[in-house]
Amino acid sequence: MSAFKSDFLRTLTERGFIHQMSDEAGLDDLFRTETVTAYIGFDPTAASLHAGGLIQIMMLYWLQQTGHRPIALMGGGTGMIGDPSFKDEARKLLTPELIAENIAGIKTVFSNYLSFGDGPKDAVMADNADWLMGLNYVEFLRDVGRHFSVNRMLAFDSVKTRLDRDQSLSFLEFNYMILQAYDFVELNKRYGCRLQMGGSDQWGNIINGIDLGHRMGGPQLYALTSPLLTTSSGAKMGKSANGAVWLNADMLSAYDFWQYWRNSEDADVGRFLKLYTPLPLDEIRRLEALGGAEINEAKKVLANEVTALLHGRAAAEEAAETARKTFEEGAISDNLPTISVAASELEAGVGLLALFVRAGLAASNGEARRQVQGGAIRLNDEAVSDDKTLVTASHLNEDGVIKLSMGKKKHVLVRVQ
């Protein structure tokens with residue numbers, strides 16, 4: 001048990017969310033005595049966040065659940081530059097139109113975790129374009145830029161890492177940390193925001209904001225970061241063999257999202273249940289103590305609960321039932337991921353390897369070939385040993401589909417277009 005007196009910091013500590021904090025006693029006292037407004041910024045680099053960003057969303061979730069006010073800040077302004085933190089090279093610059101599209105996509109997820117409205121504890125959706133895009137450059141340099149020491153900025157790990165590798169850091173990127181610091185000051189002015197949270201790679205940027213607030217005569221501001229997570233085997237969170245584990249249903253189905261969590265490594269189950277579900281800690285301790293084959297039941301609970309938060313309980317139950325039928329009964333379910341192939345292609349025959357690549361079950365023909373050689377590939381639940389097999393209309397089953405399987409857990413249906 002932690003020594004924190006506030007519900008929020010105690011909850012975050014018990015569940016493994018905290019990596020670093022500024023002024024622990026002061027922040028704990030603030031949470032214990034006031035309704036605190038805190039924010040996390042989200043960069044619009046894609047049309048959806050992926051599972052790697054879920055830890056940040058869950059921090060906002062617990063902030064509101066313990067009686068405080070979360071701000072989800074969209075980087076409509078900072079997205080014009082791109083965060084250079086710990087990147088080897090400059091991000092590709094995005095057009096304003098693409099940034100707007102990405103923000104529209106990202107926003108859709110938050111209402112599943114947060115309650116928005118006009119009340120003192122209702123969540124706020126903000127966009128830093130509202131104040132950054134109208135700044136007067138010379139005035140900004142005089143009022144804000146004068147408070148920054150280049151010597152100090154060069155000492156931050158996020159900058160040093162790039163420079164130590166002799167990688168160019170543009171003046172554009174160098175300004176990012178100034179703008180992020182200014183966001184913190186602006187959110188304090190507009191909403192009384194006192195805390196910025198983020199991943200541990202954001203520590204330097206957040207401390208800049210605290211320092212700027214102090215130099216510009218504002219109240220004491222605070223920082224809290226979460227650890228940068230990997231799986232037990234060292235894989236990056238939010239990445240799977242088939243690419244990013246997107247949160248938006250139009251980019252990744254509820255079934256595939258469910259499967260990602262169901263396939264968690266045994267050693268990660270307890271940690272993931274604490275971080276990504278609201279299950280009580282006693283129940284989590286019971287589940288993570290399961291051994292042998294029983295740990296699979298805990299993985300199903302993890303998949304059900306994480307999917308229910310994002311996609312709704314009905315979608316989670318449907319995904320679980322699809323998985324049960326597919327794996328336990330060998331049945332074909334309409335809820336499985338599907339690709340379409342033109343009838344003319346099937347008449348001529350489609351190469352097995354190419355079809356598995358198109359279905360997203362293999363990254364390349366070479367990988368698919370290795371899976372065939374390893375006995376992992378099946379057509380309509382029948383093992384395939386010849387990597388030169390042509391898939392034709394003769395493989396369509398009575399339901400008019402072809403079932404592609406990679407191992408026991410990955411399945412895609414092929415339908416005629």
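Buried, in this presentation, means under 20% relative accessible area, exposed means over 50%, and partly exposed lies in between, for a 1.4 Å probe and protein chains only. By that criterion Lys-299 is buried, at 7% relative accessibility.

Good morning, colleagues. The model is predicted: local features need pLDDT of at least 70, side-chain atom pairs count only at pLDDT 80 or more, and totals for chains, interfaces and linings use all residues. Residues are numbered from 1 along each chain as its sequence is written, and side-chain values use heavy atoms, with hydrogens and water left out.

I turn to the sheet. Helices (H or I, at least four residues) and strands (E, at least two) are DSSP runs, numbered from the N terminus. Two strands pair if DSSP finds at least two bridges between them. Six strands, in the order β1-β6-β5-β2-β3-β4, make up an open sheet with mixed pairing. Its edge strands, β1 (20-21) and β4 (124-127), each pair on one side only. Further in, β2 (residues 37-42) and β5 (residues 195-199) are parallel partners over two bridges. Ala-38 has Leu-195 in β5 as its bridge partner.

Next, the packing of helices. Contact means heavy atoms within 4.5 Å; axes are lines fitted to C-alpha atoms, for helices over the stretch in contact, and angles run from 0 to 180 degrees between N-to-C directions. Helix α4 (residues 96-110) lies across β2, β3 (69-74) and β4, at about 160 degrees to β3.

Now the salt bridges. Each is a side-chain nitrogen of Lys or Arg within 4 Å of a carboxyl oxygen of Asp or Glu. The count by this rule is 15.

Which residue forms a salt bridge with Asp-266? The partner is Lys-299, with the closest N and O atoms 2.6 Å apart. Asp-266 sits in the loop between α12 (254-262) and α13 (269-276), while Lys-299 belongs to helix α15 (residues 295-311), so the pair ties together parts 33 residues apart in sequence. Asp-266 itself is partly exposed, at 47% relative accessibility.

A second pair lies within one helix. Glu-283 and Arg-286 form a salt bridge, their closest N and O atoms being 3.0 Å apart. Because they are three residues apart in helix α14 (residues 281-288), about one helical turn separates them. Glu-283 is partly exposed, with a relative accessible area of 28%, and Arg-286 is also partly exposed, at 46%.
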